[in-house]
Amino acid sequence: MSTTTVTQLEPCPFCGGTQGSVHHQVFSHRVICKTCNACGPRCRTQEQALLQWEHQSRELRLEKTIENRLLLEHLSNFGDLPPPVFPAQRENSLPFRRLNS
Ligand SMILES: [Zn+2]
């Protein structure tokens, strides 16, 4: 197995790193992030491996952006509610109690 270092990658969807390497095996090539070791899919050619990495990176980052936007919208629905009220804690429900008190 040999590797080719790539310094201008599409940012890794997991850590944002832009440095990686293409790992060459007998019938496949795949991009691996240098920072977190995330792997791209195995492909027939190095060019395909790089293209797949770029595609996957964009898709996953877009997905995260959508998820974050939906989460923020969801949380903003709770903005007007009063803070939660917890029931008064009973003495015998405490995990530790002082002896002789
Ligand atoms: Zn990474």
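User: Which residues is Leu9 in contact with, leaving aside its neighbours within four places in sequence?
Analyst: This is a predicted model. In it, Leu9 is in contact with Thr18, Gln19, Gly20, Val31 and Trp53, once neighbours within four places in sequence are left aside.

User: Which residues make up the largest nonpolar core?
Analyst: Six names there: Leu9, Val22, Val31, Ala49, Leu50 and Trp53. Helix H1, residues 46–76, gives the largest share of this core, with 3 residues.

User: OK, on to H1. Which of its residues are buried?
Analyst: Ala49, Leu50, Trp53 and Ser57 are buried in H1.

User: And what do the buried residues of H1 pack against?
Analyst: Strands E2 and E3. H1 lies across both of these strands. Its angle to E3 is about 40°.

User: How far apart are the end C-alpha atoms of H1?
Analyst: They are 45 Å apart. H1 has 31 residues, so at 1.5 Å a residue it should span 45 Å, and the two values agree.

User: Switching to the sheet. What is the strand order?
Analyst: E1-E2-E3, in an open sheet of 3 strands with antiparallel pairing. E1 (2–6) and E3 are at the edges. Each has a single partner strand, so one side of each has no neighbour in the sheet. On average, neighbouring strands are turned by 25° against each other, direction ignored.

User: How many bridges join E2 to E3?
Analyst: There are 5, and the two strands run antiparallel. E2 covers residues 20–24.

User: What do E2 and E3 form, and how many residues lie between them?
Analyst: They form a hairpin, with 4 residues between them.

User: What about E1 and E2, how many bridges there?
Analyst: E1 and E2 pair over 5 bridges, in the antiparallel sense. Val6 has Gly20 of E2 as its bridge partner. Gly20 also turns up among the contacts of Leu9.

User: Last one. In a regular strand, where do the side chains go?
Analyst: They alternate between the two faces of the sheet.

How values were computed: Residues are numbered from 1 along each chain as its sequence is written. This is a predicted model: local features need pLDDT of at least 70, side-chain atom pairs count only at pLDDT 80 or more; totals for chains, interfaces and linings use all residues. A nonpolar core is a set of buried Ala, Val, Leu, Ile, Met, Phe, Trp, Tyr and Cys residues joined through C-beta atoms within 7 Å. A residue is buried if 20 or more other C-beta atoms lie within 10 Å of its own, exposed if 12 or fewer, and partly exposed in between; C-beta atoms are placed from the backbone. Two residues are in contact if their C-beta atoms, placed from the backbone, lie within 7 Å. Two strands pair if DSSP finds at least two bridges between them. Axes are lines fitted to C-alpha atoms, for helices over the stretch in contact, and angles run from 0 to 180 degrees between N-to-C directions. The expected span of a helix is 1.5 Å times one less than its number of residues.
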